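Here is my notebook page for today.

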Amino acid sequence: MSAASTTSGARGRGRGGAAGTNVSDRRAEILAIAAEIFARKGYVNATVREIADASGILAGSLYHHFESKEAMVDEILSTFLTKLVGRYEAVIAAGDDVETTLRTLVHVQFEGLIENRAAITLANNDSYYLQQIPRFAYLQETGAHIAELWSGVLRRGVDEGVFRSDVDPDLVWVFIKGAIWATVQYLSDGGPTASQTIADSYLAVLLDGVEAP
């Protein structure tokens with residue numbers, strides 16, 4: 001996966017021992033704060049000074065942890081995408097029947113909305129702009145890989161006669177992604193129970209439609 005390989009080398013700065021752990025924890029804390037600011041204001045409008053102020057440090061001190069604002073966004077997105085793709089691949093590799101696989105993928109996606117709300121909001125709002133920057137070429141590559149994973153499951157369902165064959169699986173994935181990722185703006189941090197409830201409601205509409213039986 002190219003997302004992992006393009007993450008900034010800053011991740012490895014924290015060494016073993018208590019001092020290294022503290023540095024790693026502090027970096028993670030700053031990244032979480034930065035992700036919220038990027039999600040709220042967008043990549044272009046968010047400033048290093050604003051992130052530093054929210055983190056309780058001087059702007060110059062922020063550069064001891066990250067080389068640039070771009071590096072922070074890179075780590076936020078690449079870490080999120082690498083984890084998400086890994087979860088998708090594990091679900092598919094489990095070898096369940098195709099409907100179970102699709103249901104599990106949907107649950108994983110909704111869990112990801114709550115766990116990574118800021119990163120997904122950033123990706124939704126700024127990915128087109130960021131893809132113009134060479135460092136973020138992996139966004140398009142990873143998006144294509146994710147699309148192929150989901151479309152592959154949908155095509156398998158068509159081949160097995162489980163899913164309808166009159167709609168292009170690639171288009172179905174576009175519908176699924178759009179519906180799920182757009183939901184992020186309506187979610188609060190409700191935890192796993194909330195994500196399961198939302199996922200089940202979405203699956204009822206996806207698989208059974210909205211018409212009364």
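Is glutamate 148 buried, partly exposed or exposed? I looked it up: with 45% relative accessibility, glutamate 148 counts as partly exposed (buried is under 20% relative accessible area, exposed is over 50%, and partly exposed lies in between, using a 1.4 Å probe and protein chains only).

**Ground rules I noted**

This is a predicted model, where local features need pLDDT of at least 70, side-chain atom pairs count only at pLDDT 80 or more, and totals for chains, interfaces and linings use all residues. Residues are numbered from 1 along each chain as its sequence is written, and side-chain values use heavy atoms, with hydrogens and water left out.

**Entry 1: salt bridges**

I used this rule: a salt bridge is a side-chain nitrogen of Lys or Arg within 4 Å of a carboxyl oxygen of Asp or Glu. With it, I get 16 salt bridges.

One of them joins glutamate 148 to arginine 155, at 2.4 Å from N to O. Arginine 155 is partly exposed, at 29% relative accessibility.

I also found a network: Glu67, Glu70, Asp74 and Arg135 are joined by salt bridges that share partners. Within it, the closest N and O atoms of glutamate 67 and arginine 135 are 3.0 Å apart. Glutamate 67 sits in the loop between helices H4 (59–62) and H5 (69–93), and arginine 135 in the loop between H7 (117–130) and H8 (138–159), so this pair ties together parts 68 residues apart in sequence. My helices (H or I, at least four residues) are DSSP runs, numbered from the N terminus.

**Entry 2: helix H6**

Next I turned to H6, residues 98–115, where arginine 103 and glutamate 99 are four residues apart, about one helical turn. Their side chains form a salt bridge at 3.1 Å, N to O. I reminded myself that an α-helix has 3.6 residues a turn, so residues three or four places apart point the same way.

I checked the length too: at 1.5 Å a residue, the 18 residues of H6 should span 26 Å, and the end C-alpha atoms are 25 Å apart, which agrees. (The expected span is 1.5 Å times one less than the number of residues.)

Buried residues of H6 include Val98, Leu102, Leu105 and Phe110.

**Entry 3: serine 151**

Last, I visited serine 151 in helix H8. Serine 151 is buried, at 1% relative accessibility. Beyond its neighbours within four places in sequence, serine 151 is in contact with Pro169, Asp170 and Trp173 (contact means heavy atoms within 4.5 Å).

Conventions. Helices (H or I, at least four residues) and strands (E, at least two) are DSSP runs, numbered from the N terminus.
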